[in-house]
Amino acid sequence: MLDKHLAELIAAGEVVERPSSAIKELIENSIDSGATAITVEIQNGGVTMMRVTDNGSGILREDIRNAFLRHATSKVAKQADLDAIGTLGFRGEALASIAAVAKVELLTKAREEEIGTHYVIEGGVEKCFEDSGCPDGTTFIIRELFYNTPARMKYLKSNTAESTAVASVVDKIALSHSDVAFSFIRDNRKTLSTSGDGNDKNCVYSVLGREFSNNSVFVKYELNGVTVEGFVTKPQAARASRGMQNFFINGRFVKTRTAMAALEEACKGMVMVGKYPGCVLHIGIPFELVDVNVHPAKIEVRFANDRPVFEAVYHGVRSALVQGDTVRQFRSDSFKPSELVDRSVVKKPFQMSQYEVQKLGRDPRIVPPSKSLEVYTSILKDPLGERKERQLPLVPRTAPTPPAPEESRRVNINIDFDEEDELTLPLLKNDKSGEAVEKEENAPSQTEGFFETDTDIPEETVSETQTQAPADEAVKDEIKPLVDVDGDRIHFVGEAFKTYIIIEKNDELVMIDKHALHERIIYEKLKREQGRKYAQYLLEPVAVPLSKAQYNGILERLDMMSESGFEIDDFGSGTVLVRSAPSFLSAYDVPATIEEMADHILEHKSNIESEYTDWLYHNIACRSAIKGGDKSSPQELIDLYLKMGEDPNYRYCPHGRPTSIVMTRYQIEKQFGRLG
């Protein structure tokens, strides 16, 4: 027979793995006691001190000692109660397990009692039991966790990691009970505060932030006795991992593959491959149809029948996403653009004081005749009239004389009402002879953004100097078909499917995957010269919201991220602020890169630092390289080929795919039967 204390230490290992485990058990007890306000405070990740205070029903003095005995509970009385568990706690092991490995101090007062009780127990041994003045409710103070089990202590992570784990637990329980006001204080700094008003939307905003709240749609559905209610992110706001998927069964946070599969199946065809929707979904199911007593930490459940849960989640999410599809609503036949404008406001007569009129010297409503344009005349007369009746010209009635070749190539056209203000419109480039030449292929039109796109413009008003000639012929003339490299005759044949470069080299035909080659070139640069050399400060820092686990993973690898070219600051509340990134990477790709790096850190915790860096360089190179299907100029393609040279490292991309395929003239002619 094991010693009682030793048996308690062994049992405590199943319930209390780290500080967050103890916090979870204490918060669940507070909710079961009917608390409407709960405050959680920790110091140094919870190892030094944890405090949980609530305004619940409290513990009767006569029950305090029994509460710390193993298998002592007030939530289960008979065997039948196990078939319909409606409380978060029910085993009666949490307080005994915590008291066995920590120094616990309790202050509690039941509503029906006149005075509270102060109780202290350390390592399972009672130290103090006395009267105390305190408000209704319960306060647990836990100090020096694992002080008597040093072997357990060495498996704890850094204070930052343990603090993040506690914050994650508080966040999830706060999401599950929007009717309870939660406060979380981390090292004397409040990092979470919910109102407890019962509004799920407000709770999601407080816990997961504005971005998640604003990019989610409401879900409410019932099918076959299963209810689904909550929020799911819009398809365009899908994330690179499943870290933002939160499922709650009867108010308990759980990990359920059934609901996860239903969610992702419902988003199929709407969410890009490799992206995952986020959610906060509350699933209600009869207590007798779900078994919550299948996991030591109670984070997994077992359903009597998975099918009703799957169908309820699937149909609920699917219908919510279709109804919340703003693109579909915009294209509906019932949509009328005129309904977006308040005509009463637009038609309100212009008001100006007599003093302002005297100050300007004239009434601004009166347009000087010499500068009037039909565009402004029509708008003043009929600000909401039909566009097809306007027939607006591009230039004033009297067009200015084109400048001489030696003069400036820009001309100012006054079209405003005030004499000082001018709008400068650039003319097309002229050659030395004064004749117009073709515009650049991607150059914006002179009138782009000035007039509404669907305004009818008479063709006769367009200047003859705006005639555009084909640009492809000019480009072809600038490219030399033959390039000499180390004595080899290199001929650029072209590009197939906007993906594969085709080069004729002596008696060989070389086909190159431009994305794979460019990816390898960037990867080798980052690896050879380190990412820090290519670090570039962003015009505006990018805030990246992460799950608590992802957030912790990034904070633990800040030095590695800095060496790779990322300058990252802790922005608090699960968000990091990216101030610089490798110049190869666009600002648009920064959030996804950080999210994927965080997931990789979590999935490969045993990797050494260099492996993390190598994976990050792979990710950056893949994102910043030319993509198959992108339009590339011949000069760019030739330059890629020249950079490849004879370096054997460039024969394969970082993922192992070949960058080029070489076919000799002999092989080609053999295929066509031209030999022998």
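Predicted model: local features only at pLDDT ≥ 70, side-chain atom pairs only at ≥ 80, totals over all residues.
Residues are numbered from 1 along each chain as its sequence is written, and side-chain values use heavy atoms, without hydrogens and water.

**Exercise 1.** Find which residues of helix 9 are buried, and why they lie on the same side.

*Solution.* 
- Locate helix 9 at residues 257-266. Helices are DSSP runs of H or I, at least four residues, and strands are runs of E, at least two, numbered from the N terminus.
- Pick out Thr258, Ala259, Ala262, Leu263 and Ala266, which are buried (under 20% relative accessible area, 1.4 Å probe, protein chains only).
- They share a side of helix 9 because they cover an arc of only 130 degrees around the axis. The arc uses directions from the helix axis to the C-beta atoms.
- Look at what covers them: strand 10 and helix 10 are among the elements.

**Exercise 2.** Is Lys109 buried or exposed?

*Solution.* 
- Find Lys109 in strand 3, residues 103-109.
- Lys109 counts as buried because its relative accessibility is 11%.
- Follow the side chain of Lys109 to the backbone oxygen of Glu113, at 2.8 Å.
- List contacts (heavy atoms within 4.5 Å) beyond four places in sequence: Lys109 meets Ser57, Cys134 and Asp136, among others.

**Exercise 3.** Which residues touch the most other members of the largest nonpolar core?

*Solution.* 
- A nonpolar core joins buried Ala, Val, Leu, Ile, Met, Phe, Trp, Tyr and Cys residues through side-chain atoms within 4.5 Å.
- Among its 55 residues, the answer is Ile23, Ile27, Ile38 and Phe68.
- Helix 6 gives the largest share, seven residues.

Note on methods. Buried < 20%, exposed > 50% of the residue type's maximum accessible area, 1.4 Å probe, protein only. Polar contact = N/O pair within 3.5 Å; in protein donor to acceptor, adjacent residues only side chain to side chain.
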